[in-house]
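Reader: I'm new to this one. Could you pick a single part and take me through it slowly?

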Amino acid sequence: MTIDIDGPIQVNDGPLKPSEYAQLVPSDPAAVPMEELRRRLKDDGYLYLKGLLPREDVLAARRAYFSYLEPSGVLKPGSDPVDGIFDASKDVTEFPGIGVGRLEDMAPQAQEFVSRALSAHAQPWYAQDLCKHPVLLEFMARFTGWGTERTLPLERTLLRNNIPQAKAIGVHYDQIFLRYGEPTSVTVWVPMGDVDLRGGGLIYLEGGHILGKQFEDEFTTKAKASGLSDEEAKSAFNRNMLSSGVLTDGPAAFGREHGRRWLVTGYEAGDVVLHTTYMIHASTINNDKNHVIRLATDLRFVDSSRPWDEVGS
Ligand SMILES: O=C(O)CCC(=O)C(=O)O
Ligand SMILES: [Fe+2]
């Protein structure tokens, strides 16, 4: 990876040293055969598809989102909503992320911001036009081999805005949140807009899908050894992991502890990254020099002919 000319990549527990990260490797969906794309997801735990979706369709959703949130005062006055520029004269704590604290305890402006960020999930420009984008559905049906009938996008999605400097999601793998389903679901992370290398993008632990599976197996073995049934082991796992929802908040220390690098990149609208259910990932702190708010969503696809997580969070 090239030298940091623009400052370090920041995560929750500080900067990553250049030796602690490497490039997330892109794949061109128009040029690489499907078999090879499948092999990459299986072998690497992730598949970073450049330009899968039409850029203008992703930007239309970004524009609609920020127009919808604009009344909360989050955007720089006079800026174009599609750019999603944060009003840097305001304090980040005035714009809490989803799930941070209780609505009724917030100031009116924060309440408006969070309520809009939540109700955005139900708007047609998101729930239909983006989440059910025909290019995405068609690609996933072919890629998984489940076909259009069985390829089910879960209604439960998480559309997250990352305001500059706000805390990022900690280190986790998604099976933690999908515990009641088989581990065959695939997450599609969709950046909704361009994300600078320092703009708060998702990062993946090199070989993280193998480590995630090890965590899971070790826990299950321990739970079984202590006499728990499969179901009891699952709910013990939930209690254990979901108390915070993540393995740890700090990617830098986690990477060092496990002797692995984080795979990083800047993203463009239209890119998506698929990852498997044990793949370990986190987000970086949004340090975008132009105060661009990072917007992205996690979409999950399951085989509807198999048991899948209908109850989890
Ligand atoms: O958008 C983020 O910061 C986190 C996304 C994520 O964890 C996922 O897509 O599984
Ligand atoms: Fe995740």
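Author: Let's start with a term: buried means under 20% relative accessible area, exposed over 50%, and partly exposed in between, with a 1.4 Å probe and protein chains only. This is a predicted model, so local features need pLDDT of at least 70 and side-chain atom pairs count only at pLDDT 80 or more, while totals for chains, interfaces and linings use all residues. Residues are numbered from 1 along each chain as its sequence is written, chains are lettered from A and ligands numbered from 1 in the order in which they are written, and side-chain values use heavy atoms, leaving out hydrogens and water.

Now the iron site. The iron ion (ligand 2) has His172 (NE2), Asp174 (OD) and His281 (NE2) as its protein donors, 2.1 to 2.2 Å away. Donors here are N, O and S atoms within 2.8 Å of the metal (3.2 Å for Na, K and Ca); water is not among the atoms, so sites may look incomplete. Along the sequence, the spacing of these donor residues reads H-x1-D-x106-H. Asp174 sits in the loop between β7 and β8 (186-191) and His281 in strand β12 (residues 281-283), so the pair ties together parts 107 residues apart in sequence. Strands are DSSP runs (E, at least two residues), numbered from the N terminus. Asp174 and His281 are both buried.

From His281, follow the bridge to its partner Tyr204. Strands β9 and β12 pair in the antiparallel sense over three bridges; pairing takes at least two bridges found by DSSP. Tyr204 also stands opposite Leu263 in β10. Strand β9 (residues 202-205) is covered on both faces, with Leu202 and Tyr204 buried on one side and Ile203 and Leu205 buried on the other.

Note on methods
Helix = DSSP H or I, 4+ residues; strand = E, 2+ residues; numbered from the N terminus.
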